[in-house]
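Subject: Structure handover

Hello,

Here is the structure, with notes on what was found in it below. Please read the notes with the coordinates open.

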Amino acid sequence: MTTPSPALAALSGAPIGRTHRRVLLIISAMFLFDLADLNTFAFAAPAIRAVHGFTVQDVALVTAMSFAGMAVGAVLGGRAADLLGRRLGMSAAVAVFSAASLFNAVVSTPGPMAAARALTGFGLGAMTAIAISYLSEVTPATHRGRFQAVALGVGLVGIPLVAFTARGITVSHPAAWRWLFVAGALGFLLLPLVLRLPESPRWLLSRGRAAEAAEMVRRFVPDFRGGTEEQPPEAGTEARFRDLFAPGQRRNSFVMMVVWAFALTGFYGFQSWVPTLLADRGQDFAQSMTMSAITTIGAVPGAFLATPFIDRFSRKYLAVALGLIVAAVGIGYGLSTGTGAVMVFGVLVAALSQAYIAVLYSYTPEHFPTALRTAGSGLGNGAGRAANIVAPLVIAAVYTAPHLGYVGVFAFVAGAWLIATLTVAFFGIDTRDRALEELHARPAQEDPVRPGSPSRAATH
């Protein structure tokens, strides 16, 4: 096993300090705007349909274009952050999705709305891929999962915030939907804070900038006194994007692409369509918006639900357990007819699926070396977004097909969760308690901890 460099060993084994807390606060605020903006169209859609006559197919088109933008943003933004830095990448992503949110507010026909959502999605996709990689790189090894779960949990407050805001301003005044997108532009307020974040020492070392890396390590670990001539164990020739599919890394890349593709199909198949499906199933507009808003409350504690377990147990097996439960509860939602049962199952799906996403946020960056970490995370995330270009169209077809309809949609959603879960179960690797450098000190196919074998402790 390769021993981590002194700087990275200090970073991995550091106690949680002031800089760690500040980073967590800013990343959490970024996720708050990210997830609020991501879900704005879903909750604005019933009002937009009422005011501007959008059809179900129009909603599907706009939703699909949003995911197209996220797919491209995740891949291109992730790769750019490997070349230009995590801090610059996150700053650019925040600027793009905040500006695009204003564009959303001034359009009202399907074509321009689809273009606006694609641009918004580009910034959101890039931000997610870079932020989860950055947080993984600067957080002590024993807290990587918890920090991801807390950041996601705080960010998830944005979903019920948007849901109840939409309920409050669009039920009596449907034309007020534009203000939901104006609020998304407040993300610009985060830019000065993001620009002051410390750059990832791991990224700096991977670029040969050892002196700057040591300086950044001291911002996290003030008593670090290491030298400036070291390089990380994985340093070498500059990584190319195609190296994600080279021997030793190929399996990890494909596993993450499949898992993200089906997990996000299941997640957004539920989240994005519930308001519209409830309204079309016979609920009046106000009741469908209220039920949808209540359902989203479960998302917030869902991510925090993972915090006691995410660093204590294997993320691989947590993902498997949660995925199976979400699939079962999703079927229960689709079969429920009473208002109470719909809301109970809806809250459970929202909570448990967000616990799964918290695990996936932490699990994904661990599959890639520093020089390809945001590109790899973006590739996986981008595959999930790309799958959702097609998924809304499939869901619309399932919903309108004879003998399928409402229940068929949720059977489709449960099947997507099941495929993601089985992929992790059979092909995922165990990353618990291992330093990032240890995970990539040798080819990936030789490195996984096999089921039943002891986990190798990270060198701190």
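The lining of the second largest cavity draws at least two residues from each of helix 6 (144-156), helix 12 (250-271) and helix 17 (339-363). Helices here are DSSP runs of H or I with at least four residues, numbered from the N terminus. A cavity is a set of points on a 1 Å grid over the protein atoms alone where a 1.4 Å probe fits but cannot get out, and lining residues have an atom within 4 Å of a point.

Two remarks on the source. This is a predicted model, in which local features need pLDDT of at least 70 and side-chain atom pairs count only at pLDDT 80 or more, while totals for chains, interfaces and linings use all residues. Residues are numbered from 1 along each chain as its sequence is written, and side-chain values use heavy atoms, with hydrogens and water left out.

Cavities and pocket

The whole structure holds seven cavities of 30 Å³ or more. The second largest cavity has about 70 Å³ of space, a volume being the space filled by probe spheres set on the grid points, which are joined across faces, edges and corners. Helix 12 gives the most to its lining, with four residues. Among the lining residues are L35, W260, Y361 and R385. By class the lining has nine nonpolar, one polar and one charged residues (Ala, Val, Leu, Ile, Met, Phe, Trp, Tyr, Cys and Pro count as nonpolar, Asp, Glu, Lys and Arg as charged, and the others, Gly among them, as polar).

The second largest pocket contains about 240 Å³ of space; a pocket is an open set with protein on both sides within 12 Å along at least five of seven lines. It is lined by 13 residues, and the closest to its centre are A36, L161, V162, A183 and G184. Helix 2 (18-52), helix 7 (158-170) and helix 8 (178-184) each supply at least two lining residues, and helix 2 gives the most, with five. This lining has nine nonpolar, three polar and one charged residues.

Aromatic pairs

There are six aromatic pairs. Rings of Phe, Tyr and Trp (its six-membered ring) pair if their centres lie within 6.5 Å, with planes under 30 degrees apart counted as stacked, over 60 as edge-to-face and the rest as tilted. W177 and F181 are edge-to-face, because their ring centres are 5.8 Å apart and their planes stand at 85°. Both W177 and F181 are buried (under 20% relative accessible area; exposed is over 50% and partly exposed in between, with a 1.4 Å probe and protein chains only). F245 and F254 form a tilted pair, at 5.4 Å centre to centre and 55° between the planes. F245 is partly exposed at 27% relative accessible area, and F254 is also partly exposed, at 42%. F31, W260 and Y361 form one aromatic cluster; W260 and Y361 also line the second largest cavity.

Other sites

E366 sits in the loop between helix 17 and helix 18 (373-400). E366 is buried, with a relative accessible area of 0%, and its side chain makes a polar contact of 3.0 Å with that of R144 (a pair of N or O atoms within 3.5 Å; within protein, one must be able to donate a hydrogen and the other to accept it, and residues adjacent in sequence count only if both atoms are side-chain atoms).

Regards
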